[in-house]
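Please look over the sequence and the structure below.

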Amino acid sequence: MNDINLLGRLTNTPELKKSANGRNYTWFTVAVPRQDNRKEADYIRCLAFDKLASAIYKHCDKGRQVLCQGRLQVSKSIDEVTKQVKYHHTVVVSNTHFLHDPNVSSTSI
């Protein structure tokens with residue numbers, strides 16, 4: 001089973017973009033504190049599509065606390081200079097809860 005839950009804060013304000021086939025999408029990074037050390041965090045790259053991407057763009061700014069649910073996607077590429085394989089880890093978000101805002105509760109697809 002490939003399920004991920006991330007509770008953290010956005011490190012940047014998401015930008016809404018449109019793909020070549022017309023789908024809305026947004027990339028954003030969530031800083032997730034490590035359980036054993038509150039001063040350290042892991043920075044997780046996330047991707048959302050369509051209505052969820054629009055909602056994240058509309059309701060989220062840098063520093064906003066969110067709970068993201070989704071799946072891990074791993075892709076690879078080859079560096080043209082060094083010829084080394086690089087792996088890219090992304091959480092494809094399927095549901096997001098916007099925390100600490102009385103006007104917005106959650107959005108899901």
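Lys18 has Asn24 in strand E3 as its bridge partner. Strands (E, at least two residues) and helices (H or I, at least four) are DSSP runs, numbered from the N terminus. The model is predicted: local features need pLDDT of at least 70, side-chain atom pairs count only at pLDDT 80 or more, and totals for chains, interfaces and linings use all residues. Residues are numbered from 1 along each chain as its sequence is written, and side-chain values use heavy atoms, with hydrogens and water left out.

**Strand E3 and its partners**

- Strand E2 (residues 17-18) runs antiparallel to E3 and is joined to E3 by two bridges; two strands pair if DSSP finds at least two bridges between them.
- Five residues lie between E2 and E3 in the hairpin that they form, and Gly22 in the turn has a positive phi of about 90 degrees.
- Strand E1 (residues 4-10) also pairs with E3 in the antiparallel sense, over two bridges.
- Opposite Leu10 stands Val30 in E3.
- E3 covers residues 24-34, and because eight of its eleven residues are buried, it is largely enclosed by the rest of the structure.
- Buried means under 20% relative accessible area, exposed means over 50%, and partly exposed is in between (1.4 Å probe, protein chains only).

**The whole protein**

- The protein has one helix and seven strands, in the order β-β-β-β-α-β-β-β from the N terminus on.
- Of the 109 residues in the protein, 33% are buried.
- The C-alpha trace spans about 50 × 40 × 30 Å along its principal axes.
- The protein exposes about 7500 Å², of which carbon and sulfur atoms supply 48%; accessible areas come from the Shrake-Rupley method with a 1.4 Å probe, and for residues only the protein chains shown count as cover.
- Among contacts with a separation of 6 or more, 55% are between residues 24 or more positions apart; a contact means heavy atoms within 4.5 Å.

**Arg71 in strand E5**

- Arg71 is found in strand E5 and counts as partly exposed because its relative accessibility is 39%.
- Asp3 is 68 residues from Arg71 along the chain, yet their C-alpha atoms are separated by 4.9 Å.
- Leaving out residues up to four places away in sequence, Arg71 touches Asn2, Ile4, Thr90, Val91 and Val92.
- The side chains of Arg71 and Gln73 make a polar contact (3.3 Å).
- A polar contact is a pair of N or O atoms within 3.5 Å; within protein, one must be able to donate a hydrogen and the other to accept it, and residues adjacent in sequence count only if both atoms are side-chain atoms.

**Strand E5 and E6: a nonpolar patch**

- Strand E5 (65-78) and strand E6 (85-98) each supply at least two residues of a nonpolar patch, and E5 gives the most, with three residues.
- The place of Ile78 is in E5, and Ile78 counts as exposed because its relative accessibility is 57%.

- Asp50 has a positive phi of about 55 degrees although it is not a glycine.
- Asp50 lies in helix H1 (residues 50-59) and counts as partly exposed, at 32% relative accessibility.
- Lys83, also a residue other than glycine, has a positive phi near 65 degrees.
- Lys83 is found in the loop between E5 and E6 and is exposed, with a relative accessible area of 59%.
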